[in-house]
Amino acid sequence: MAAALHSRLPELGERIAQRIRSDVDAYDEESLIPFDSLRRSCTANADLVLSHLGHADAPDPSPARETGRVRAEQGVPLADTLHAYRVGFELLWTEILLESRTHPEVSDDQLVSQSAEIWALFGLYAEAVAAAYRETSAELTSQGHARRSALVEALFTGVLADRTTLWEAARELGLPEHGPYAVAAAAAGAPGQEPLAGIEAVLRQAQLASAWRLLPDHQIGVIALPTPAAESAVLRVLRRAQARVGVSPCFPSLRDTPQALRFARLALAGLRGTGPGVARFDDNPLAMVVAAAPAEAAHLVGVVLQPLVDLPVAERARLLETLEHWFGAAGSATEAAQGLFVHPNTVRYRLRRIEELTGRSLSDPRAVADIGAALLAVRNAGVGPGEQPPPAPD
């Protein structure tokens with residue numbers, strides 16, 4: 001019977017292919033699975049089964065593995081691939097039963113015995129299909145992640161400068177060709193740790209496209225902002241992540257991604273405290289500029305606030321705290337006094353003391369700018385009001 005069916009193998013392979021195409025939806029798309037490819041696969045697998053039955057040799061799962069590999073590359077779901085395999089085996093078994101009617105010497109007991117072997121073969125080959133499918137899918141996924149990571153890295157390093165290349169990268173990363181965009185940089189708690197685990201999926205659920213890369217000390221990403229409300233939505237997502245994150249200003253072209261990454265890192269460096277938080281560069285650009293140059297900032301503290309820094313701890317703490325509240329109150333001694341729980345005249349007295357020590361008048365905008373920048377430098381150094389700022393480098 002196997003030999004008789006083997007002689008009609010091309011016709012049998014085509015009939016199996018036609019049955020699979022009609023019974024399994026995923027196989028009905030010519031652009032996904034060309035019929036010639038399907039026919040060749042069906043013929044090879046039928047040849048495999050019939051050769052085994054005709055010669056009783058050891059099963060060879062290589063055609064089944066090839067089927068699993070090809071279907072994974074074509075993007076056919078594994079469930080549909082196994083369904084198609086079952087359809088093929090059922091048709092082949094039906095043909096064997098029909099052929100048996102022309103062989104009176106074949107008993108029903110022999111058919112029952114052979115059916116057990118056929119379905120044992122189906123199980124063996126189905127396992128081979130599934131194993132090859134999963135291996136290929138894992139390899140393709142790994143390759144996709146590697147290519148995506150390389151494209152994101154190229155965006156952040158400025159390697160992609162040509163407009164056509166940028167457009168192709170945006171399309172492959174699922175980003176719009178035109179901005180606005182923003183870059184986020186999150187500090188990793190340990191090398192290789194994702195501070196924003198699953199962030200791309202969370203943003204995708206919010207209809208926000210993004211692309212991310214994990215570095216040893218940071219997780220960085222570029223995020224598309226298609227609507228005016230998108231930036232607020234991104235900030236809400238980032239705050240829920242309970243990580244330390246810096247966010248760049250919005251920018252119109254992916255060509256500007258490297259500079260935006262620098263801004264995001266500066267925003268992260270200027271984030272106060274040690275706990276979770278999100279800092280936007282645009283929220284306090286002067287603080288970001290001060291954070292960008294720590295050595296120069298330390299020198300600025302020495303030039304502008306050194307007489308104040310040299311005071312005894314208690315007095316230095318009072319004056320620095322008063323300056324903080326006065327700047328926070330936009331120069332209002334009355335509002336600063338409310339925050340300090342003192343009389344406004346006490347605030348005015350302390351401000352005059354600061355003017356005397358620094359030789360700078362708080363009514364002079366240039367002096368106020370110098371003192372404000374120096375105060376930011378003290379804050380960015382992580383120094384509390386009663387602590388000693390680091391000395392300026394020699």
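Two aromatic rings of Phe, Tyr or Trp count as a pair if their centres lie within 6.5 Å. The structure described in this report is a predicted model, and a search of the whole of this model finds six aromatic pairs. In one of them, the ring centres of Tyr85 and Phe89 are 5.8 Å apart and the planes stand at 35°, so the pair is tilted.

## Domains

The domain assignment divides the protein into domain 1 (1-141), domain 2 (167-291) and domain 3 (294-381). The centres of domain 1 and domain 3, taken over C-alpha atoms, are separated by 82 Å.

## Aromatic pairs

A pair of aromatic rings is described by the distance of the centres and the angle of the planes. Where in the chain do Tyr85 and Phe89 lie? Both belong to helix 5 (residues 78-100), where they are four residues apart, about one turn of the helix. Tyr85 is buried, with a relative accessible area of 7%. Phe89 also counts as buried, at 5% relative accessibility.

Tyr181 is buried, with a relative accessible area of 0%, and Phe251 counts as buried at 6%.

Ring pairs also build a cluster, which consists of Tyr85, Phe89, Phe122 and Tyr125.

## The sheet and its helices

How many strands form the open sheet, and in which order? Five strands form it in the order 2-3-1-4-5, and their pairing is mixed. Strand 2 (210-214) and strand 5 (277-280) are the edge strands, each of them pairing on one side only. On average, neighbouring strands of this sheet are turned by 15° against each other, direction ignored.

Strand 4 and strand 5 run parallel and are joined by four bridges. Val247 has Arg280, in strand 5, as its bridge partner.

Two helices may be described in relation to these strands. Helix 9 (residues 230-240) lies across strand 1, strand 3 (218-224), strand 4 and strand 5, and runs at about 150° to strand 5. Helix 10 lies across strand 1, strand 3, strand 4 and strand 5, and its direction makes an angle of about 45° with strand 1.

## Cysteines and Leu32

A search of the whole structure finds zero disulfides.

| Residue | Relative accessible area | Class |
|---|---|---|
| Cys42 | 8% | buried |
| Cys250 | 39% | partly exposed |
| Leu32 | 29% | partly exposed |

Why is Cys42 classed as buried? Its relative accessible area is 8%, and buried means under 20%. Cys250, at 39%, is partly exposed, because that class lies between 20% and 50%.

Leu32 is found in the loop between helix 2 (9-23) and helix 3 (35-55). Which residues does Leu32 contact, apart from its neighbours within four places in sequence? Leu32 is in contact with Ala26, Gln74 and Val76. Ala128 lies 96 residues from Leu32 along the chain, and 22 Å separate the C-alpha atoms of these two residues.

Methods: Residues numbered from 1 in each chain as written. Predicted model: local features only at pLDDT ≥ 70, side-chain atom pairs only at ≥ 80, totals over all residues. Heavy atoms only, no water. Disulfide = S-S within 2.5 Å. Buried < 20%, exposed > 50% of the residue type's maximum accessible area, 1.4 Å probe, protein only. Domains from an automatic or database assignment. Phe/Tyr/Trp six-rings, centres within 6.5 Å; stacked < 30°, edge-to-face > 60°. Pairing = 2+ DSSP bridges. Axes fitted to C-alpha atoms, helices over the stretch in contact; angles between N-to-C directions. Contact = heavy atoms within 4.5 Å.
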